[in-house]
Amino acid sequence: MTPSRLEIVVDFADCDPARIVFYPRYFDWFDRATERMFRERGLPWPEMYPQYKMAGVPLVDASAKLMGPARFGDAITFETWVGEWRNKVFIVEHRVHNKGRIIVEGQEVRVWGLRDPHDPEGMRAGVIPPEIIARFKD
């Protein structure tokens, strides 16, 4: 699939005292990039969740390999795509670029979370509908 792209300008609040991005910010931005990727495929979450009786797409694993810095004022670009679809889980891949270099590679493992009809506060993993997967094929 063609990666979704998200550009972020690093604000002072994103940085540690050395003005380098504080690493947890990448995980926040991964969430934002994942939601944007769905929206670009015609699947905005505010509409998709009620339509598919979803509770969310919770993370069950997340990782990041930090290979270079981003600093206050840098414009960094996230490339995001679904690397693998499974029955009830999908794997989102992220690559972050700064000034032409890859500085972060990340991965999220997300569950297709449905509302639990037996527990209004609960959620259960559901099978990912084929029409969702089809939206990500180029």
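Reader: How do you know which features of a predicted model to report?
Author: In this predicted model, local features need pLDDT of at least 70 and side-chain atom pairs count only at pLDDT 80 or more, while totals for chains, interfaces and linings use all residues. Residues are numbered from 1 along each chain as its sequence is written, and side-chain values use heavy atoms, with hydrogens and water left out.

Reader: Why is the contact between arginine 5 and glutamate 79 called a salt bridge?
Author: The term requires a side-chain nitrogen of Lys or Arg within 4 Å of a carboxyl oxygen of Asp or Glu. The closest N and O atoms of arginine 5 and glutamate 79 are 3.1 Å apart, so the pair meets the definition. The structure holds nine salt bridges.

Reader: What does the pair of arginine 5 and glutamate 79 tie together?
Author: Arginine 5 lies in strand β1 (residues 4–9) and glutamate 79 in strand β4 (residues 75–85), so parts that are 74 residues apart in sequence are tied together. Strands here are DSSP runs of E with at least two residues, helices are runs of H or I with at least four, and both are numbered from the N terminus.

Reader: Is glutamate 79 buried or exposed, and how do you know?
Author: Buried means under 20% relative accessible area, exposed means over 50%, and partly exposed is in between (1.4 Å probe, protein chains only). Glutamate 79 has a relative accessible area of 15% and is therefore buried. Arginine 5, with 49%, is partly exposed.

Reader: What makes Arg5, Glu79 and Arg95 one network?
Author: Arginine 95 also forms a salt bridge with glutamate 79, with the closest N and O atoms 3.8 Å apart. Arginine 95 lies in strand β5 and glutamate 79 in strand β4, so this pair joins parts that are 16 residues apart in sequence. Salt bridges that share partners join Arg5, Glu79 and Arg95. Arginine 95 is partly exposed, with a relative accessible area of 27%.

Reader: How do you know that the side chains of aspartate 31 and arginine 110 meet in a salt bridge?
Author: Their N to O distance is 2.3 Å. The pair links distant parts of the chain, with aspartate 31 in helix α1 and arginine 110 in strand β6, 79 residues apart. At 35% relative accessibility, aspartate 31 counts as partly exposed, whereas arginine 110, at 4%, counts as buried.

Reader: How does the reach of helix α1 compare with the expected span?
Author: The expected span is 1.5 Å times one less than the number of residues. Helix α1 (residues 24–40) has 17 residues, and its 25 Å from first C-alpha to last is close to the expected 24 Å. Its buried residues are Tyr26, Trp29, Phe30, Ala33, Thr34, Met37 and Phe38.

Reader: Why is arginine 41 called buried?
Author: Its relative accessible area is 16%, so it falls under the limit of 20%. Arginine 41 lies in the loop between α1 and α2 (45–51). The C-alpha atoms of arginine 41 and phenylalanine 136 are separated by 6.8 Å, although the two are 95 residues apart along the chain.

Reader: What makes β2 and β8 edge strands?
Author: Two strands pair if DSSP finds at least two bridges between them. Three strands form an open antiparallel sheet in the order β2-β7-β8. Strands β2 (54–56) and β8 (119–125) each pair on one side only. Arginine 115 stands opposite methionine 123 in β8.
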